[in-house]
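Student: I've got a model open and I'd like to learn how to read it. Can we go feature by feature?

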Amino acid sequence: MAVVVRIPTPFRAMTKGAAEVPVEANTIGDVIVDLERQFPGLRDRILEESGEIRRFINIYVNQVDIRFLDGEQTSLKSGDEVAIVPAIAGGSS
């Protein structure tokens, strides 16, 4: 199933500057597999060595956080938009 993945600015060096890339995926887990196939090394920016999504990476499907859906098992349909958003820390306290 064809979906569009929005790539965050810090990861775009790995996608040759592309802000959006098409992937073939039925689940978020499949998205990560296809991203790694197209852009080797990107998986390591998204997942821990254990295979869990890094705690500072948020993934959304059509603007809904996958933590409130089925996580990596979240089902996708053609035309869905997946956004990978690294958490940003900083500022003053």
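Student: Let's start with T15: is T15 buried or exposed?

Tutor: Keep in mind that this is a predicted model. The cut-off for buried is under 20% relative accessible area. T15 has 3%, so T15 counts as buried.

Student: Where does T15 sit, and which residues is T15 in contact with, leaving aside neighbours within four places in sequence?

Tutor: T15 belongs to the loop between β1 (2-6) and β2 (20-24). With those sequence neighbours left aside, T15 is in contact with I7, V21, F39 and L42.

Student: OK, on to the core. Which residues of the largest nonpolar core touch the most other members?

Tutor: The general idea: in soluble globular proteins, nonpolar side chains tend to be buried together. Here the largest nonpolar core has 22 residues, and V5, V31, L35 and I46 touch the most other members. At least two residues of this core come from each of β1, β2, α1 (28-38), α2 (42-46), β3 and β5 (81-86). The top contributor is α1, with four residues. Take V5 as a case: beyond its neighbours within four places in sequence, V5 contacts A19, E20, V21, V23, V31, L35, V82 and I84.

Student: And what about pockets?

Tutor: Rolling a probe the size of a water molecule over the atoms shows where empty space is left. In this model, the largest pocket holds about 180 Å³ of space.

Student: What lines the largest pocket?

Tutor: The lining includes E52, R54, R55, D65 and R67. By type, the lining splits into six charged, four nonpolar and two polar residues. Strand β3 (residues 57-61) gives the most to this lining, with three residues.

Note on methods:
Residues numbered from 1 in each chain as written. Predicted model: local features only at pLDDT ≥ 70, side-chain atom pairs only at ≥ 80, totals over all residues. Heavy atoms only, no water. Buried < 20%, exposed > 50% of the residue type's maximum accessible area, 1.4 Å probe, protein only. Contact = heavy atoms within 4.5 Å. 1 Å grid on protein atoms, 1.4 Å probe; cavity = no way out; pocket = protein on both sides within 12 Å on 5 of 7 lines; lining within 4 Å. Points joined across faces, edges and corners; volume = space filled by probe spheres on them. Nonpolar A, V, L, I, M, F, W, Y, C, P; charged D, E, K, R; others polar. Core = buried A, V, L, I, M, F, W, Y, C linked by side-chain atoms within 4.5 Å.
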